[in-house]
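Trainee: Please take a close look at one part of this model, the backbone in its loops, and then move on to the ligand and the helix contacts.

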Amino acid sequence: MAKLIINEENRLSTIEPEVYGHFSEHLGRCIYEGIYVGEDSDIPNVNGMRTDVVEALKELKVPVLRWPGGCFADEYHWKDGIGPKENRKKMINTHWGGVVEDNSFGTHEYMELCRQLGCKTYINGNLGSGTVQEMSEWVEYMTFKGVSPMADLRRKNGQEEPWTIDYFGVGNENWGCGGNMTPEHYGNEYRRYQTYVRNYDEDKPIEKVCCGANVSDYYWTEGVLETAFAHTEEKFHGFMDHLSLHYYVHPEGWDIKGSATDFDEEVWYKTLYKALYMDELVRRHGGIMDKYDPDKKIGMCVDEWGAWYTNEPGTNPGFLYQQNTVRDALIAGITLNIFNKHCDRVKIAALAQVVNVLQAVILTEGAQMIKTPTYHVMHMYRHHQGADLLESAITGVEEIGMGEWKVPKVTESVSLGEDGLITITLNNLSIESGEKIEIGLAGSGYQVAEAKVVTNADMHARNTFELPEEVTEAEFSDYVVSEGGIIVNMPKNSVLELRLKK
Ligand code: AHR
């Protein structure tokens, strides 16, 4: 039996709500169809945003939404997406699927979406193919209050008051689709571009995100920090607030990727093994960051993470549409526990992507919408948002797996919310057996206020438009509370949330 020991007297760092963020790109059916259907659509909408999707996302308490890309961001010219829609440029989305991009969703629509969701804004600027002037003018357009050419243009387009940009990405994947730069080259470009991302409102400073590494490219992290950060006088005055990291789980590697729904037991463990690799990535990139920023003033921003499989048969490969099974619920649970444990460094994250793309929380088909297993995990884990990580450790955990793909049977994280409730999230990675876990706390007298589980005995189980509730958040009652603590019987293939109160 595994034993989870919690010291609720020892609060560690705060888990920033933004760690539970999402990513929306002009890619496939994410923005168009998935979120934005236009005001004239038969699908119920408010100002063009589909009501079912917005309502479902509000239940997740989405803290921040990144837009417009991704690789799309470094080809996006924001002036194409403002003004009367009939005058907006139509073009080919060369990066994703070769479809027509009519720019009907632009800056004003994104800000309206964030208003409806009640979330923070995270705009990713174009450093790869845009100019410093273009980036600078976009920021002026969105945030300048006084009289200026861009602020006047915004007002002419119907928005009197400036908006708030909470986070601004100075380029995306500039080691790849964002310009194929070397770390030194990008580091210098970062210095230059970020200079003109002006803070027009001292009370609402924009937090700048510098482009960080792909997976284990530690050379990039070192080179960018050395060039862009190490010798900068102004470094702790809004020069660089965050450094990104991108990591996708491809069960069979980048070229083959692997099916989202058709996999065997070995691939199950291989996939979860790869999800657990996030821990090493955060530690090692974090180690380099510690060298330059020992006080941890720069947040790590894992603004693209999740599973990336081969697209669903019969769909446009450039749309990256994939199904989502109980395996994805485990990937989400494992990854979010890792982020929680590293909340002293990981300050923002964005699951890729929010609707209809990669490890989406929502899938749509015409007017229909379903929530994926990943949605239900994100929903349970929302209680960690803004809570304090508690010291916890698990002992007696068996190593399981197949072949070289060995994983711990259980992972965990624990936090204390402002409401005084302790949230425990546990993952049972085994497809063979359940696990009895004894939970011990420093204090006594705890009661279970809420217990939920996302599971299905079939590792391939998923939600479809015909059967939308195969993997969902269910009440969990297989636990016993005693003076000494709580004993839970976790089913196999499961993600569990327990909330404790005195
Ligand atoms: O999420 C899909 C793509 O993956 C993004 O556009 C890009 O940043 C990354 O390579």
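**Loops, ligand and helix contacts**

Mentor: Pro 68 sits in the loop that joins β5 (64-67) to β6 (91-92); strands (E, at least two residues) and helices (H or I, at least four) are DSSP runs numbered from the N terminus. This is a predicted model: local features need pLDDT of at least 70, side-chain atom pairs count only at pLDDT 80 or more, and totals for chains, interfaces and linings use all residues. Residues are numbered from 1 along each chain as its sequence is written, and side-chain values use heavy atoms, with hydrogens and water left out.

The peptide bond from Trp 67 to Pro 68 is cis, and its omega is near 5 degrees. A cis bond is also found from Ala 352 to Gln 353, where omega is near -10 degrees. Gln 353 belongs to the loop between β13 (346-352) and β14 (362-365). Asn 180 is a residue other than glycine with a positive phi, near 50 degrees. The loop that holds Asn 180 runs between β9 (167-170) and α5 (183-195). For comparison, most residues other than glycine have a negative phi, and most peptide bonds are trans.

Next, the ligand. Cys 71 places a backbone N or O atom 2.8 Å from an oxygen atom of the ligand. Tyr 248 has a polar side-chain atom 2.8 Å from a ligand oxygen, and for Glu 304 a polar side-chain atom lies 2.7 Å from an oxygen of the ligand.

The helix contacts follow. Helix α1 (residues 51-59) packs against helix α2 (residues 107-117) at about 50 degrees, with the axes 9 Å apart; axes are lines fitted to C-alpha atoms over the stretch in contact, and angles run from 0 to 180 degrees between N-to-C directions. α1 and α2 are therefore oblique to each other (under 35 degrees is roughly parallel, over 145 roughly antiparallel, 65 to 115 roughly perpendicular, and the rest oblique). In contact (heavy atoms within 4.5 Å) are Val 54, Leu 57 and Lys 58 of α1 with Leu 113, Gln 116 and Leu 117 of α2. By class, the contact of α1 with α2 has 4 nonpolar, 1 polar and 1 charged residues; Ala, Val, Leu, Ile, Met, Phe, Trp, Tyr, Cys and Pro count as nonpolar, Asp, Glu, Lys and Arg as charged, and the others, Gly among them, as polar.

For helix α6 (residues 218-229) and helix α8 (residues 265-292), the axes come within 10 Å and cross at roughly 25 degrees. α6 and α8 are therefore roughly parallel. From α6, the contact takes in Tyr 218, Thr 221, Glu 222, Leu 225, Glu 226 and Phe 229. Residues of α8 that take part include Tyr 277, Glu 280, Leu 281, Arg 284 and His 285. The contact of α6 with α8 divides into 8 nonpolar, 2 polar and 5 charged residues.

Helix α9 (residues 326-341) and helix α10 (residues 373-381) have axes that come within 7 Å and cross at roughly 30 degrees, which makes α9 roughly parallel to α10. Val 326, Asp 328, Ala 329, Ala 332, Gly 333, Leu 336 and Asn 337 of α9 meet Pro 373, Thr 374, Val 377, Met 378 and Tyr 381 of α10. The residues of the contact of α9 with α10 are 8 nonpolar, 3 polar and 1 charged.

Notes:
Polar contact = N/O pair within 3.5 Å; in protein donor to acceptor, adjacent residues only side chain to side chain.
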